[in-house]
Structure formats: C-alpha cells, structure tokens
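Trainee: Could you take me through reading charged pairs and burial in a model such as this one?

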Amino acid sequence: MGNKHSSSVVPHQSREQRVGVNINHNHSTPVSHISLKYHKSQTSLSKISSYDTLSCEKPSAPPHNHNPNVTHLYPTLTTYTPLTPSISRQDAEARAYSAFLKSFPEYQSTWILDTLRRTDFARLDRTGETYVDYMGGAQYPESLVRVHSAFLTEAVMGNTHSVSNSSKLSSRYADEARDTVLSFFRAPPGYTVVFTANATAALKLVGEAYPFKSNSDYVLGADSHNSVHGIREYASRRGAEVHYIPSTSTGGFVLSTAKDILSQHRPQNASSLFALTGLSNISNAKNSLSIIGFASSLGYHTLLDAAALAPSSVISLSETPVDAMVVSFYKMFGYPTGVGALIVKESFLEILERPWFAGGTVDVVQDGTINFMTLPAVTDGLRFLSVYLPFLPLRLSCLTHYLVTSLSRLRHDSTGTPVVNILSKLPSRRLKSVGEQGDSGSTISLIFLSASCMCNPGGAASLLGIQDQTKQLYPGVTLKDFERVVGRELGVVRISLGLGSNFQDVWKVMMFASSLADSRTRQALWETWTNVPIGQAI
Ligand SMILES: Cc1ncc(COP(=O)(O)O)c(C=O)c1O
C-alpha cells in the first residue's frame, strides 16, 4: 500500500477489467505494476508488453538534455543494459546487475538489506509490484506487523486518560515509545515527545500555538512542504511578517543567502520562528542542519521538518539541538499510519499558547486521545530501523546514481532526443562506505511526457522554473488557470527509493522508461490513456 496522496497503478487484473486493455500475456511484461508519484500522465504500464522491442540507449551519442552534469560526473559508469531479441529478460537483468556491481562494488556492503528484502519485504517480489514511492510512504516490514498483531492478541489496552490496569498498560507503552523516540534521535535531557496524527499535525500544533506578535518574523525556505508554508497563515493573522529564503533551481537554498535573510530579520523584541526543511520531498535537496545553530544564535526559535529526512538519515538532536522537530512514522518504517510526533524542548513547549488550553503536561497538550493502540509498534519500528538505517545511505546512493545516469542517457528511437529531463538535485558525490551521509536524498523528480503537481509548491515551482509566475497566484486559482498563465502543462513525476529498494526495482524503472523511448509503445500508451476517464488511475 502506498500513500493515497500518490498515484500508484492498481493491480494488474483489475486494471485490465477497468480499462478494457487487451494485454498479450504471451509476453511477460517488463513492468507489470509500478508505484510512483504522478498524477495527470497516468499510463497503462501493462500495455508495455513486448520487451523485445524496447529501444536502446545510445551511449556513444553525447547527452544533450538539461543535465549535462550527470554524465560529466560519472563518465565511465556502466548503466542500463538494453534488451535485444536475442537476450531474455532474466539474462538482461542478470547482466545489468553484474555490470552494476562492477561499477558499484560498495553496494555489496549492504547485503543485509537484500536479506531484509527477501524476508520482510518478500511481498514486493510475490506481487510483482515495483514500489518506488518511499517519499509518499515507506513499506512496512512484515515482522513488525506480525509482532504487533501478536502483542494486541494478548494485551488488554485502555485509553491512557482513564485509571485502570488496561489504562496503566497503555500509558507504560506510550512512555516506552516516547523514550525510544528520544533515544533514536539521540535527544539530550530536556526534550519530550508529543504524539500527533502525522508531521502535518505536529507542524500545525506549533503554528497555531507559537506566540507570533505584530513585530515577530516567520522565516522559511520556498522549497518547503505545504504544512510548513501553512504556518504562514497563523503568523500573518497575528501580524507577523513572513520571509522566504528563495530556492535554487534544483531546490534547497544557498546557505549564505539563508544566513543573510535570517540576519536581516534578527529577532528584536518579539519571538520569531525559523522553519527548516531537512530534505525536500520533491527537489531532493538537503539543507545544511548547521543553519539551526546559526538561527538560534541570532535568537530565533527553530523548527525542523524532518518528515522526509528521518527515513534515511541519522539525525542527532545532541548535535543539532533544534527547538522542535516533526516526523511521521509511516514514512520511516511503513506502519503504523496515523502517528507522528513533535519532538520538542520542554522549554519551547512552555512558550506555546494553545488557543483553548493554557499549559499542562505533555499528555494533556495533545488533541484528545493519542493513538495508544499503535504506540508499541512505533517502539518496535524504531528499534527495527535503527538496525538497518546505517546501511541505507550507501545503498540508496548506489541505486540513485545508477538510475540518474541511466535515465539521463536514454534517447528516443525516432529523434535521438532525451526521454527524461531530471529536475531534482543530483547527488554531488558517491558514498563509498557504510556510515557516510549524502548531501541529497534518493528522490528523482523528472518529466517524461506530461506531468502533475505535488504538495510542495515552492519546490515544484523552482524546479519547473516558474517561481516568478507564482507571484501571480491568487486565492482560489485552479491548476488549469495557472497553466494558462505559464503557458504549458505543469508537474513532475517522482521516483523515490527507500528501505526495501534493490537493484531490480531501479532496473524495472529503467525498463519502463526505455519503453517510452519506443515510438510504437508510446503510441499504445497514449491511446490507452486518452480512453481512461479523467481522474481514474489505470
Ligand atoms: C518534507 C515533508 N514535510 C511534511 C510532510 C507531511 O507529512 P504527513 O503527510 O505525514 O503529515 C511531508 C509528506 O510528504 C514531507 O515530505
């Protein structure tokens, strides 16, 4: 299951029934199911059935898309091996894998994640689903669900607000989950955890309760999630000024620009808030966490949106003592959904002014009853992730580099022009060993044929080069209206890798992308898509 905010292709059979596509089952499909984030350009992947007609990349042709840096960075990298009628799909995949390992021998240090894929994520291979929407939501490990289900079968849990044995048990598990969250993020004394429904709810909690006044400032990056932008409304309503740090053309911001803006609006007589996005969910840009210390030294309160960063990066609150940080646990280990957290300094919590509640204990600050039934799974999920997290950056670095390079070299059979234009931040260096951390994530935002939009309008605007036109936006504007202003269709396709990803997944993405290089397949996809009612996934 993926995030409902993303667009995933539905299972094979129902898709055929719903759109009435006649699929030739004599050929196995190179990509039968694929889950990535895209909206408007929904296409029937099942229609890409004759893998022996896929067009080939032309490695000898000089790349002439918008990202020459890709091949410049990795000129000798062995990339995707095209299929030919004489090579079976399995052979091609095996050859591609062995070429990949030659180029990325360090990938083998992450073999523990291959074991995980065969056990906890075996359903990905059983179902044939190619899941590449980890930014939308992680896949849950089967063992986590089994352990939690066994626990629930035996435990008698009650509402933490009551006074009873069952209530005491729930409180004990809630406290254990809080302690585990704090130790996972290496929080020094003075931090506490407020469980929320998700990262958005945690950000809203800060937004509505932060003591913005007429001479306060709210500073944030343009490349932020909607829920970070949303705090702007609380700030403006209370008379605070809002200042944006502009995004670069590949997302994130320039550190010196951020420092200048923060310095210009340095807090004088009122509380001011700086919100930092650790990793952008669309542009793939990581911002340096060092800016937190700088903002604090100027007198700002600091808020870190770690929803996208936490699933694949080690975050230490001892090293980055931000006032408050938000996460969603389903993004980190897939299960449970509906639980997030505000990890917050107690001193910061004290200055928050709930509109309908003044002060109180951490338990009471929450909106009603916490999701107490699932908190033991949060504890187990964090313990699970802490074992595998160290291996993840290296593995994702190998897979992302391979995919970026291979995609950038793909050419249309008819014109020799690029099949994709990668818009997101490219990783600037390859990680070489377990324990290293990258300066970008494992998300690739690109344009294939047409596109759609996502929940990070600032990031999307900068990637699409339309930051200036966003100034013409007005309340109630529709996407269609805005496309008229810009003069073209807007949006991007997002591929994001995570804990369960392996070489097979990126190879299948390449199979899909290379099928779009073939004019006959493209035509077939187009005809299918134009026959599907608007808004329906196929
Ligand atoms: C960077 C970032 N912040 C915040 C959120 C909001 O998370 P949620 O939808 O779980 O509240 C997301 C979700 O994708 C995100 O990527």
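Trainee: Is Arg 123 buried or exposed?

Mentor: Buried means under 20% relative accessible area and exposed over 50%, with partly exposed in between, using a 1.4 Å probe and protein chains only. Arg 123 has 13% relative accessibility and therefore counts as buried. Bear in mind that this is a predicted model, in which local features need pLDDT of at least 70 and side-chain atom pairs count only at pLDDT 80 or more, while totals for chains, interfaces and linings use all residues. Residues are numbered from 1 along each chain as its sequence is written, and side-chain values use heavy atoms, with hydrogens and water left out.

Trainee: With which residue does Arg 123 form a salt bridge?

Mentor: A salt bridge is a side-chain nitrogen of Lys or Arg within 4 Å of a carboxyl oxygen of Asp or Glu. Arg 123 pairs in this way with Glu 142, their closest N and O atoms being 4.0 Å apart. Arg 123 lies in helix H5 (residues 122-127) and Glu 142 in helix H6 (residues 142-154), so the pair ties together parts 19 residues apart in sequence; helices here are DSSP runs (H or I, at least four residues), numbered from the N terminus. Glu 142, at 18% relative accessibility, counts as buried.

Trainee: Which residues are linked with Glu 142 in a network of salt bridges?

Mentor: The network links Arg 123, Arg 126, Glu 142 and Arg 146. Within it, Glu 142 bridges to Arg 126 with the closest N and O atoms 3.8 Å apart, and Arg 126, at 60% relative accessibility, counts as exposed.

Definitions and conventions
Helices (H or I, at least four residues) and strands (E, at least two) are DSSP runs, numbered from the N terminus.
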